[in-house]
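This briefing is intended for a reader meeting the structure for the first time. Please view the sequence and the model together before turning to the notes.

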Amino acid sequence: MSHFDIKLISKISHEVMSPIISSKWALEILLNDKNLNIEEDKRIFLKNIYINLNRISTISNKLINYSRYSVNELLPIFLDADISNLLKKIVKGLSNDFADANIKVLIEGTGFIKPVDQSMVEFIFSSLIHNSIVYSKPSSEVLVSLVKSDKGEIMFEVSDKGIGILAEDQSKIFTEFFRSKNSDDLYAKGIGLSLFLCKKICDVCGYKISFESEEAVGSKFKVLFPSKK
Amino acid sequence: MTDNHVNKKYILIAEDDNFYSSIYNQRLTEMGYEVSVASNGEQLLKLMKIRVPDLVMLDLIMPKMDGFETLQSIKEDANFKNVKVLVLSNLGQKEDVDSAMMLGAIGYIIKSNTSIQDVLMKVKESLS
């Protein structure tokens, strides 16, 4: 891609974000207004609009991150944040977006406050958990855990009993625009940027991402946050 | 003017997108604040001269005078330099966040990953 293309993608994605965010906020206000008696069957429409806006903003966010990466501007902003709270927020959002998601969360230990780039950590959590949901059967259990070791390292894991990754594809999943053959059979649409960006984000932040997977058995993705950063 | 009116905390919003400013305006007024809206930095500075606000909510990308220039002008003016400025932007780019904080903003909210509820909480915290 040329510098011009990258700039165009970035500009448009930024521009698109504004109407999406203000629409989401307006809907959030309507959905949380207890004095508004919206009938449940109509409330579903509002929720669907909210979910779809989230989908557009996720795509837009990926394009922005990708364009930043392309011009070497994928730079983390480290500020203190509680990683366990970020995880809870992401799980709550995804549970809202996927009515049949069955996410179990296990948080072990205390002291999850670390200097992190909040958007980037949220991107990692959101992408990996999202993948587990869409590559599994509806209501199939997705187990998410966050464990702090005695050494101060934090390990994030997400495991599913989904379709798994074909053995021949396992070396390619962090490649840009890569889509596995078995993923196209599913509703799980994508452009092949999530895992690529997760890896790049982990690289710039100093995290270690790894996975284990077996076709038709399931996948487990891990992200290790070292004790220093 | 009643005493109650005088005691209300005053918030100035600098935001060129009407959809955002109407949401802020409506919610914050409901929360008991007095609110005025400027659609660019120049207008904001004019409004600040009429009444010094307790808090400025500043968007970064605006016509005429953008958020950075505006923030700099506020901090350089002896009458305004103690006014709290909360920066709001669609997205967080390291360079932008660093510049805003260096120029004296009390906080930086990235709108794309914050709910309106959290934005309002942050405003309340900043004013308490």
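The notes below treat chain A, its contact with chain B, and the sheet of chain B.

The model is a predicted one. Chain A contains five helices and seven strands, and 18 of its residues are in contact with 16 residues of chain B. In chain B, five strands form an open sheet with parallel pairing.

**Chain A: elements and overall form**

- Read from the N terminus, the elements of chain A follow the order α-α-β-α-β-β-α-β-β-α-β-β.
- The radius of gyration of chain A is 18 Å, close to the 17 Å that the globule rule gives for 229 residues, so chain A is as compact as a globular protein of that length.
- The C-alpha trace of chain A spans about 50 × 45 × 40 Å along its principal axes.
- Buried residues make up 33% of the 229 residues of chain A.
- Among the contacts in chain A with a separation of 6 or more, 69% are between residues 24 or more positions apart.

**Contact between chain A and chain B**

- The contact between the chains involves 18 residues of chain A and 16 residues of chain B.
- On the side of chain A that touches chain B, the elements that give two or more residues are helix H1 (3-32), helix H2 (40-70) and helix H4 (118-134) of chain A.
- H1(A) supplies the largest share of that side, with ten residues.
- Sorted by class, the side of chain A that touches chain B has nine nonpolar, seven polar and two charged residues.

**The sheet of chain B**

- The five strands of the open sheet in chain B are arranged in the order S2-S1-S3-S4-S5.
- Strand S2 (34-38) and strand S5 (107-110) of chain B stand at the edges with a single partner strand each, so one side of each is left without a neighbour in the sheet.
- From one strand to the next, the twist averages 20°.
- Strand S1 (residues 10-14) and strand S3 (residues 55-59) of chain B run parallel and are joined by four bridges.
- Within this pairing, B:Leu12 stands opposite B:Val56 in S3(B).
- Helix H4 (residues 67-76) of chain B packs on the sheet, where it touches S1, S3 and strand S4 (84-89) of chain B.
- The direction of this helix of chain B makes about 155° with that of S3(B).

Note on methods:
Residues numbered from 1 in each chain as written. Chains lettered and ligands numbered in written order. Predicted model: local features only at pLDDT ≥ 70, side-chain atom pairs only at ≥ 80, totals over all residues. Pairing = 2+ DSSP bridges. Axes fitted to C-alpha atoms, helices over the stretch in contact; angles between N-to-C directions. Contact = placed C-beta atoms within 7 Å. Rg over C-alpha atoms; globule rule 2.2 N^0.38 Å. Buried ≥ 20, exposed ≤ 12 C-beta atoms within 10 Å, placed from the backbone. Nonpolar A, V, L, I, M, F, W, Y, C, P; charged D, E, K, R; others polar.
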